Amino acid sequence: PPRSTLFPYTTLFRSYCEMSFIRNDEFDFQSFLSLLDGPATSRFRAVMDGHEAYEYFSLEDEGHRGGFSLTISISSLGISDELSYLISIRDDNESSCLMNALKDMAFSDPLSGFGNESSMHSFLTERIFLSKQEGFSFHVICIFLSGIKEITAMFGKKTSDKFLHRFSRRLAKESSEERLFRIMEDVFIIAIDSGERYTVSSMVSSLVSSLERPVFIGDTEILPSALIGVCQFPADGESSDSLLSNCFSAAFIAKRKNLKWSFYC
């Protein structure tokens, strides 16, 4: 079936689209199922029945003029009494693959492999929308890494880049379940789903200890120093800009109190 029939609420597929839907509400299941073979249909039904949390499907249609190739990922959100889902659709045609590559360049930080500032604002805007719809909260953690300019001046840009890369890998290891962003040369952002301050407090305390262990680059030992600010949606801001600003403020509060980290309030 035409894409407009299969996905009535999404009219443009240039490279990547996401939408959330409630079972039997906005998504044309019968049209979608008709595009799947037997094993894929079983996998799809396993997600719909709540037995699996995630699946992806590749669809190709050479019978229609121009053809198309789509990769569809479906994740169960498991919200309220109804099963809810997030569906991600990627167009895999050659021109779209090029656009996806350009998108990666526009939204990714090449040194750390994390999302950049544009990616962070996009992610937080989506997370805020879902949080308002479903009534849950989340935390944003801002990490200031001190001394990058001094490291560059003393050891050169190549060494400082290696240091940032290894620091990023350490941060990724300690925050494997969270979304990570590098928005400035020395500023990193972590978005975590937990709304419990106790859980976040424990995580940040452990994070400081791990991040400040020495980094060795050849014979050079570098001691990282991190300053961290934490804020919570919606208590500390209801937009990506306000959350980021208040994270910065929380870090400055920590610095004034001679602490390593602080909540915004």
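## A charge over a ring

Arg127 lies over the face of Phe138, at 6.0 Å from the ring centre, where a charge counts as sitting over a ring if NZ of Lys or CZ of Arg is within 6 Å of the ring centre and within 35 degrees of the ring normal. Arg197 is likewise placed over the face of Phe263, at 3.8 Å from the ring centre.

These values come from a predicted model, in which local features need pLDDT of at least 70 and side-chain atom pairs count only at pLDDT 80 or more, whereas totals for chains, interfaces and linings use all residues. Residues are numbered from 1 along each chain as its sequence is written, and side-chain values use heavy atoms, with hydrogens and water left out.

## Strand β5 and its partners

Phe138 belongs to strand β5, which spans residues 138-145 and has eight of its eight residues buried (buried means under 20% relative accessible area, exposed over 50%, and partly exposed in between, with a 1.4 Å probe and protein chains only). Helices (H or I, at least four residues) and strands (E, at least two) are DSSP runs, numbered from the N terminus. Both faces of β5 are covered, with Phe138, Val140, Cys142 and Phe144 buried on one side and His139, Ile141, Ile143 and Leu145 buried on the other.

Strands are taken as paired if DSSP finds at least two bridges between them. Eight bridges connect β5 to the antiparallel strand β10 (residues 226-233), and within this pairing His139 stands opposite Gln232 of β10. Six bridges connect β5 to strand β7 (residues 187-192), also in antiparallel fashion, with Phe188 in β7 as the bridge partner of Ile143.

## Nonpolar cores

A nonpolar core is here a set of buried Ala, Val, Leu, Ile, Met, Phe, Trp, Tyr and Cys residues joined through side-chain atoms within 4.5 Å. The largest such core has 28 residues, of which Ile141, Ile143, Leu171, Ile190 and Ile228 touch the most other members. At least two residues of this core are supplied by each of β5, α6 (148-155), α7 (157-174), β7, α8 (197-211), β8 (215-217), β10 and β11 (261-263), and α8 gives the most, with six residues. A second, separate core of 22 residues includes Leu124, Cys142, Phe248 and Ala251.

Leaving aside neighbours within four places in sequence, Ile141 has contacts (heavy atoms within 4.5 Å) that include Phe188, Ile190, Val204, Ile228 and Cys247. Ala251, a residue of helix α9, is buried with a relative accessible area of 0%, and beyond residues up to four places away in sequence it touches Phe144, Leu227, Ile228 and Gly229. The C-alpha atoms of Ala251 and Phe263 are 8.0 Å apart, although twelve residues separate them along the chain.

## Salt bridges

The structure holds four salt bridges, each defined by a side-chain nitrogen of Lys or Arg within 4 Å of a carboxyl oxygen of Asp or Glu. In one of them the side chains of Arg127 and Asp193 meet at 2.3 Å, N to O; because Arg127 lies in helix α5 (residues 117-134) and Asp193 in the loop between β7 and α8, the pair ties together parts that are 66 residues apart in sequence. Arg127 is buried, at 15% relative accessible area, whereas Asp193 is partly exposed, at 49%.

Another bridge joins Glu212 to Lys260, with the closest N and O atoms 2.7 Å apart. Glu212 lies in the loop between α8 and β8 and Lys260 in the loop between α9 (240-256) and β11, so that this pair links parts of the chain 48 residues apart. In Asp161 and Lys157 the closest N and O atoms of the salt bridge are 2.8 Å apart, and the two residues, four apart in helix α7, are separated by about one helical turn.

## Aromatic pairs

Eight aromatic pairs are present, where rings of Phe, Tyr and Trp (its six-membered ring) pair if their centres lie within 6.5 Å, and planes under 30 degrees apart count as stacked, over 60 as edge-to-face and the rest as tilted. The rings of Phe114 and Phe188 have centres 6.3 Å apart and planes at 75 degrees, so this pair is edge-to-face, and it links the loop between α4 (94-107) and α5 with strand β7, 74 residues apart.

Phe138 and Phe233 form a stacked pair, 5.2 Å centre to centre with 15 degrees between the planes. Because Phe138 lies in β5 and Phe233 in β10, the pair ties together parts that are 95 residues apart in sequence; both residues are buried. Ring pairs also link Phe114, Phe163, Phe167 and Phe188 into a cluster.
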